[in-house]
Each structure stands twice: as structure tokens, then as C-alpha cells.
There are 2 protein chains.
Amino acid sequence: MTLIFAAPSNDKGELETGSAFTPRFDEKGLVTAVVTDARDGELLMVAHMNAEALALTIETGIAHYYSRSRNSLWKKGESSGNVQTVQEIRTDCDQDAIWLKVTVAGHDATCHTGRRSCFYRTVGIENGQAAVTITDDRRHFDPAHIYAEK
Amino acid sequence: MTLIFAAPSNDKGELETGSAFTPRFDEKGLVTAVVTDARDGELLMVAHMNAEALALTIETGIAHYYSRSRNSLWKKGESSGNVQTVQEIRTDCDQDAIWLKVTVAGHDATCHTGRRSCFYRTVGIENGQAAVTITDDRRHFDPAHIYAEK
């Protein structure tokens, strides 16, 4: 049985202080999901969820997303083993974003590049140009090996 | 002088490991911005940035966003005084999300409801329905007072 989400109220107060969880999916039927490590709060990834992914995540306690590139439901870690067990789910004032605090199984890595977090680079200005610098280059797994069958 | 962002490479490797910051704005010209408190990593808000907001944020060190409801540039804290000073900017593997670690001035509050974080509610199931529970109800300011002139 899959959880059904009621339509969001037009009343801002109800959305902000009511007891119903009525996610505001965008015109593509998605909400933004921010994923942090329950262990230390590190930001691991930003992804998207449709109603099915969100319901499955709440019901099973295992993070599911919607892959915009593959246009399909995506159980995170299905290929890599880096499954995310959800410790807590939060939503924001206008209910269009979800925050998952997770525990990562497998290689303790979330990024498909093998790094712990997708946010492994800092942004700055170098010689007048917007530039990135890699601040975490430790690979927890070898993507060529893990995703070889794809 | 405003920073100009080059178009993202079609080469995935270049996007993931190159030295250029080439944000992948969506069809509306926006990237997702995740904002955490540099002090303790608490997730404060999720917002969006267009190229102007992103360039201003990098150049000035003060967080600027694009308000989708007002369709305009938004210097966070302009009304409330809760200006965000950026300590670090990161981007993710495919460069379509930005992570800002900030220090919040004023009331040390980010949510327009007066709470520290927009994510003041947990999500769960109650009597078979998706429900939210307020887990942080401390108000750092009175919205009716702060936004009275609006």
C-alpha cells in the first residue's frame, strides 16, 4: 500500500503550521531532496523525488529518488551497494523541499565518482574566472568496477 | 564587474574533474542552492539562484538568491537583517547544485516564520496519513513585526 499525499492547501498558514504533510510537487511532479549524513551532518547529495519515490522512502525507510536523466524511479545504491537508510525526514516551511538524514551502507560513498559526497569541490575566482578546486579526492570505490555492467 | 559563467561542457569528465566552474542552469535559468550554517552544519534553507545571484554571491561573499515567487533578485536578509555571509561555496559532480556554508547575522534566523531553519518539522506517518510534527518552534523574531512594512 502506497502512501497518498493530499493536495497542498492554498492557505499559507495551514502549509506552515498544519499537521498534514502535503508536499508541493513542481510542474514536473518533483520535490527537491537534500541528503545529509546522519553521523556528522555532511551534505552528501541533492536529488529529486516524485510522489512514488517519496512514499516509498517514508514507508520503507530506504531512500528512493526519481532519476531525471533516466526518467525512472531510482533506489539509491542498487548498483553500488551504497544504500541509504533514513534516520529522519524533514520538510521546509512551504513543503517543496525534503531533508533526509541518512546512514550510508556499502562503501560509505554517495557520489557516483566514488567520493563520499557529490560536493567534493569548492567554488572561487581564479584570474577573474569562476573556478573549482577539488577538496575531497578520496575514492571509496572504483566507478569503472562498480558500474561496469551498465 | 559581474562574473560570467561559461557554458557547461558536454563532456561529463570535464564537468566532474575540470577546473572551470560552469553551473548547469535549468530551463528556467536556475540552480538549486542548499544553505547550511557554517557553525554546526545545520540545514537552514533550500533556494534557487540565477546567474546574477550566483555571480553576486561569489563576488560579494553575501548570499543572493532568485525569488521564484517575486521573480526577482533577492538579497537574503534585506528586510529581516538576517544577512548570510558566505564562508564556503561548493558545487556537486554535475554542477547543477550549489552548497553555501554561511554565517547568519541579525536574529540568527533564516526562516521567514522566525525560526532558525526552514526545516522545523519532521515527516512521518500518523494513522496511515503523511503527517508533520514541529520539532523546532523557537521564534528568533516576530514575523508580523519584521515584515510589517511589506
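Is Tyr65(B) buried or exposed? Select Tyr65(B) and see: its relative accessibility is 0%, so Tyr65(B) counts as buried. Here, buried means under 20% relative accessible area, exposed means over 50%, and partly exposed is anything in between, using a 1.4 Å probe and protein chains only.

Before moving on, some housekeeping. This is a predicted model, where local features need pLDDT of at least 70 and side-chain atom pairs count only at pLDDT 80 or more, while totals for chains, interfaces and linings use all residues. Residues are numbered from 1 along each chain as its sequence is written, chains are lettered from A and ligands numbered from 1 in the order in which they are written, and side-chain values use heavy atoms, with hydrogens and water left out.

**Stop 1: chain A as a whole**

Colour chain A by secondary structure. Helices (H or I, at least four residues) and strands (E, at least two) are DSSP runs, numbered from the N terminus. Along the principal axes, the C-alpha atoms of chain A fill a box of roughly 45 × 40 × 30 Å. Of its 150 residues, 50% count as buried. Contact means heavy atoms within 4.5 Å; among contacts in chain A between residues at least 6 apart in sequence, 46% join residues at least 24 apart.

**Stop 2: helix α2**

Now select residues 51–60 of chain A, which make up α2. Ala53(A), Leu54(A), Ala55(A), Thr57(A) and Ile58(A) are the buried ones to click on. An α-helix has 3.6 residues a turn, so residues three or four places apart point the same way. Just past the end of α2(A), look for Gly61(A), with a positive phi of about 75°.

Hop over to chain B and pick Asn50(B), in the loop between β2 (43–49) and α2 (51–60). Asn50(B) counts as buried because its relative accessibility is 15%. Its side chain reaches the backbone nitrogen of Ala53(B) at 2.9 Å. Show what else surrounds Asn50(B): leaving aside neighbours within four places in sequence, its contacts are Phe25(B), Gly29(B), Leu30(B), Tyr66(B) and Leu73(B).

**Stop 3: the two chains together**

**Stop 4: an annotated loop**

Next, select Asp92(A), Asp94(A) and Asp96(A), where UniProt places the feature "binding site" in an unreviewed entry. UniProt positions are in the numbering used here, feature names are shortened, and annotations may be inferred rather than shown by experiment.

Start with Asp92(A), in the loop between β5 (84–91) and β6 (97–104). Asp92(A) is buried, at 3% relative accessibility. Not counting residues up to four places away in sequence, Asp92(A) touches Ala97(A) as well as Cys118(B), Phe119(B) and Arg121(B).

Asp96(A) lies in the loop between β5 and β6 too, and at 14% relative accessibility it is buried. With neighbours within four places in sequence left aside, Asp96(A) is in contact with Arg24(A), Val31(A), Thr32(A) and Arg68(B).

**Stop 5: aromatic rings**

Which residues do ring pairs link into a cluster? Select Phe5(A), Phe21(A) and Phe25(A). Rings of Phe, Tyr and Trp (its six-membered ring) pair if their centres lie within 6.5 Å; planes under 30 degrees apart count as stacked, over 60 as edge-to-face and the rest as tilted. The count comes to ten aromatic pairs over all chains. One of them joins Phe5(A) and Phe25(A), a tilted pair at 6.1 Å centre to centre with 55° between the planes. Phe5(A) sits in the segment before α1 (12–17) and Phe25(A) in the loop between α1 and β1 (31–37), 20 residues apart. Phe5(A) is buried at 14% relative accessible area, whereas Phe25(A) is partly exposed at 27%.

Finish back at Tyr65(B). Its ring and that of Trp74(B) have centres 5.4 Å apart and planes at 50°, so the pair is tilted. Trp74(B) counts as partly exposed, at 23% relative accessibility.

Definitions and conventions. Polar contact = N/O pair within 3.5 Å; in protein donor to acceptor, adjacent residues only side chain to side chain.
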